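Please read these notes with the model open beside you.

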Amino acid sequence: MTAFVDTNVLIRHLTADPPDLAARATAFLANADDLLLADLIVAETVYVLESFYEVPVDEVARLVRSVIAFPAIRTLDPSLLLRSLEVYETHGIDYAEAYLVASAESSGVGRIVSFDRSIDRVTTIDRIEP
């Protein structure tokens, strides 16, 4: 069965919270053949782990990498997501900005228009302030 996987299934599996739904999510993921993971769901997973569960950035990155590496999971561009996590983790910027950085790098555009000065921590792209 091919299906898109939602954030709540990943969060239940990764946090074991609540235990009954976590067990169902984990069992489903263990038996799944072909699940599609949208980039937006990765971003939402990062956000929920960070904000609601207060998981440290390095642990969030590790957990999301484990999801991307899961045998049944397919993404549109796994290298983009992995680079986004690397930027997020190593440069201490929000995941959305890290995703923009990785997108700017991989597309060859190399520039981001933003007021967010945290992007300046990444030297592989240029930030343009409006």
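1. A search of the whole structure finds 8 salt bridges. A salt bridge here is a side-chain nitrogen of Lys or Arg within 4 Å of a carboxyl oxygen of Asp or Glu. The structure is a predicted model, in which local features need pLDDT of at least 70 and side-chain atom pairs count only at pLDDT 80 or more, while totals for chains, interfaces and linings use all residues. Residues are numbered from 1 along each chain as its sequence is written, and side-chain values use heavy atoms, with hydrogens and water left out.

2. One of the salt bridges joins Arg62 to Glu59, with 2.6 Å between the closest N and O atoms. The two residues are 3 apart in helix α4 (residues 57-69), so about one helical turn separates them. Helices (H or I, at least four residues) and strands (E, at least two) are DSSP runs, numbered from the N terminus. Arg62 is partly exposed, at 45% relative accessible area, and Glu59 is partly exposed at 27%. On this scale buried means under 20% relative accessible area, exposed means over 50%, and partly exposed lies in between (1.4 Å probe, protein chains only).

3. Arg83 and Glu86 also form a salt bridge, at 3.2 Å from N to O. Both lie in helix α5 (residues 78-91), 3 residues apart, or about one turn of the helix. An α-helix has 3.6 residues a turn, so residues three or four places apart point the same way. Glu86 is partly exposed, with a relative accessible area of 38%.

4. Asp120 pairs with Arg127 in a salt bridge, the closest N and O atoms being 2.8 Å apart. Asp120 is partly exposed at 41%, whereas Arg127 counts as buried at 18% relative accessibility. Salt bridges with shared partners link Arg117, Asp120, Arg127 and Glu129 into one network.

5. Helix α5 has 14 residues and spans 20 Å from its first C-alpha to its last, close to the expected 20 Å. The expected span is 1.5 Å times one less than the number of residues. Gly92, with a positive phi near 60°, follows α5.

6. Which residues of α5 are buried? They are Leu80, Leu81, Ser84, Leu85, Val87 and Tyr88. Seen down the axis of α5, the buried residues fall within an arc of 160°, so they line one face of the helix; the arc is that of the directions from the helix axis to the C-beta atoms. The face turned away from the buried side carries the exposed residues Ser79 and Thr90.

7. What covers the buried residues of α5 includes α3 (39-51), α4, β3 (73-75) and α6 (95-107), where contact means heavy atoms within 4.5 Å.
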